[in-house]
Each structure stands twice: as structure tokens, then as C-alpha cells.
Amino acid sequence: MLFLSECRSTNDSLAELVKEGNNYAPAEGTVLYTHNQTAGRGQRGNTWQASAGENLTFSVLLRPHFLLPKQQFQLSVMVALALREAVAELLPAETEVKVKWPNDILVNQKKIAGVLIENAVTKDRIGHSIIGIGLNVNQLVFSSEIEATSLSLILKANQELGQVLHLLLKKLDAYYLRLRSNNGYPELLANYYANLFNFNVERIYQDSLGYLFSGTIIGIDEYGKLQLLIEGETKSFDIKEISLVG
Ligand code: BTN
């Protein structure tokens with residue numbers, strides 16, 4: 001485990017360490033953790049804001065050579081399930097903890113965690129993958145436009161960051177081993193569907209041109225795109241092509 005008291009983005013700092021030409025080649029499973037991430041990055045080019053010392057912001061290095069580039073979504077499924085299970089274990093049993101495609105974690109429909117996965121593809125394989133995770137733990141006030149929540153807002157008590165990090169890493173380890181084991185993915189995908197926000201529910205979506213339409217999430221295709229049933233036809237979308245409206 002590598003600790004930086006402050007850095008711009010744990011994904012960027014870990015990527016720096018992994019860069020070829022460095023004398024030091026970090027092993028699979030290396031974790032880089034900071035108390036104060038000053039320029040956190042999110043999906044779709046968004047920023048990720050976390051108050052210093054209140055939340056978990058860290059990145060994990062994987063070297064999933066068993067995956068082809070077109071299978072990279074399998075990592076998203078694995079990480080989302082690990083995070084979801086860790087969050088669910090920390091909250092009262094009846095709490096609704098869902099995965100929003102591709103890998104946001106929602107508690108009672110509010111975002112508690114986000115994941116930014118950055119893969120380096122070499123020779124038709126995924127050479128390494130940097131799994132960046134932000135989990136809201138003790139932050140009580142959020143300025144972001146999206147509705148956010150944190151463990152302490154729900155539990156009404158501060159949580160020990162080290163303990164939460166330990167649980168997350170344990171879950172990531174277990175789920176990564178399941179993905180790596182022979183034919184582990186189909187079972188994980190079934191588990192992902194069982195926990196997917198809006199799965200099999202008709203909702204209103206917006207495409208990248210602003211066009212509104214009604215559709216139902218029916219699955220994930222082999223490239224990790226979201227499949228919707230729209231007026232009897234199945235269509236696939238990637239992350240920049242669709243957003244939920246209501
Ligand atoms: C999202 O929801 O858009 C993804 C957010 C990912 C945030 C984490 S915090 C640690 C790691 N470092 C970053 O710069 N981003 C990820």
C-alpha cells in the first residue's frame with residue numbers, strides 16, 4: 001500500500017509509477033491511497049470532489065492479462081459488485097444498495113461511490129488496469145449537482161476510514177479471484193443484473209443529441225454496452241451515448 005498525504009489524482013499517480021522505463025514495476029494488487037485528492041477525475045470527463053480526510057480515494061493496480069480488450073467491461077462488473085457488497089455490509093440489512101450502469105453505487109437512489117477504470121492494452125490483452133475508487137464516507141455536505149450521500153449521513157456516525165478501506169480491498173480481492181477463475185464471469189454478470197438499478201424497468205432516457213425516448217434496460221452486450229429495448233427493438237449504448245432522465 002502506497003500512501004500520499006496529497007495528490008492530484010490517485011489514478012494519475014499510480015499510472016506514473018507503472019509507466020514503462022521506471023526502475024520500479026509495481027506488482028498486481030498495489031494500492032495507492034491519499035487523504036487529499038485535489039484534482040480527482042470521474043467518468044465522462046467529470047471531476048470527482050472529495051473533502052480532504054473525509055472520504056476514501058484510492059486506486060488499485062491490476063494486471064488482468066487473461067482478458068481481451070473487448071472484455072474490459074468484465075472489470076467494471078467485478079469492481080461494482082465488490083463495492084456494492086462492501087457498502088451493503090456496512091449498512092442496515094434492509095438498505096437498498098444498487099449498481100447504476102456502468103459502476104456507480106447508489107444507496108436509496110443517491111450516489112455513494114464512483115469508479116474510474118483506465119486500461120492499458122498491450123498485444124491484444126489488457127496489460128494493466130488502474131481501478132480508481134471514490135467512496136463517500138464521512139462527508140456530510142455535497143455541492144455536486146447529482147444527489148450524493150455518504151456512509152456517515154446514512155449511519156449518523158463517523159466511520160473509520162482504515163476499516164472501510166480494509167473491507168473494500170477484501171471484497172475486491174475476492175471478486176477479482178472469482179472473475180479470474182475458470183468461467184467466473186457469467187455468474188458475476190447474473191449477480192450484476194440482480195443488483196442493477198432500473199433493470200427491466202421502463203424509464204425515460206436521453207441520447208447524446210438530446211432526444212428523449214422511453215426504454216427498458218434488458219442487459220449488457222459482449223462489449224459492455226448497455227442494451228435497451230426501445231419500441232420492440234434492442235439497441236446498445238455506450239456511456240457517452242445515453243443518460244437517464246426520469
Ligand atoms: C465517477 O463516478 O465518475 C468516477 C469517480 C472516480 C473517482 C476516483 S477517486 C480515486 C480515483 N482517482 C481519480 O482521479 N478518480 C478515481
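## Cavity

On a 1 Å grid laid over the protein atoms alone, a cavity is a set of points where a 1.4 Å probe fits but cannot get out, whereas a pocket is an open set with protein on both sides within 12 Å along at least five of seven lines; lining residues are those with an atom within 4 Å of a point. Grid points are joined across faces, edges and corners, and a volume is the space filled by probe spheres set on the points. The model examined here is predicted, with local features requiring pLDDT of at least 70 and side-chain atom pairs counted only at pLDDT 80 or more, while totals for chains, interfaces and linings use all residues. Residues are numbered from 1 along each chain as its sequence is written, and side-chain values use heavy atoms, with hydrogens and water left out.

A search of the whole structure finds 1 cavity of 30 Å³ or more, and the volume of the largest cavity is about 40 Å³. Its lining consists of His-35, Asn-36, Gln-37, Ala-50, Ser-51, Ala-52, Gly-53, Asn-55 and Thr-57. This lining divides into 2 nonpolar, 7 polar and no charged residues, where Ala, Val, Leu, Ile, Met, Phe, Trp, Tyr, Cys and Pro count as nonpolar, Asp, Glu, Lys and Arg as charged, and the others, Gly among them, as polar.

## Ligand surroundings

The ligand is surrounded by 20 residues, the closest being Ser-9, Gln-37, Arg-41, Gln-43 and Lys-111; a residue is near a molecule if one of its heavy atoms lies within 4 Å of it. Gln-37, which also lines the largest cavity, has a side-chain N or O atom 2.9 Å from a nitrogen atom of the ligand. A polar backbone atom of Arg-41 is 2.7 Å from a ligand nitrogen atom, and a polar side-chain atom of Lys-111 lies 2.6 Å from a ligand oxygen atom, a polar contact being a pair of N or O atoms within 3.5 Å. Taken alone the ligand exposes 410 Å², of which the protein buries 98%, with accessible areas coming from the Shrake-Rupley method with a 1.4 Å probe.

Helix H1 (10-18) and strands S3 (40-41), S5 (56-62), S8 (110-122) and S9 (125-135) each supply at least two residues of the shell around the ligand; helices (H or I, at least four residues) and strands (E, at least two) are DSSP runs, numbered from the N terminus. S8 gives the most to this shell, with 4 residues, and by class the shell has 5 nonpolar, 12 polar and 3 charged residues.

## Second largest pocket

The second largest pocket, with a volume of about 570 Å³, is lined by 22 residues, of which Gln-72, Phe-73, Ser-76, Ile-117 and Ile-239 lie nearest its centre. Helix H2 (73-90) and strand S8 are the elements that give two or more residues to this lining, and S8 gives the most, with 4 residues. The lining has 9 nonpolar, 8 polar and 5 charged residues. Because domain 1 (2-194) and domain 2 (202-244) both give residues to the lining, the second largest pocket lies between them; the domain bounds come from an automatic or database domain assignment.

## Backbone details

The peptide bond from Trp-101 to Pro-102 is cis, with omega near 0°, and Pro-102 is found in the loop between strands S6 (97-100) and S7 (104-107). Gln-109, in the loop between S7 and S8, has a phi near 70°, a positive value in a residue other than glycine.

Terms used: A polar contact is a pair of N or O atoms within 3.5 Å; within protein, one must be able to donate a hydrogen and the other to accept it, and residues adjacent in sequence count only if both atoms are side-chain atoms.
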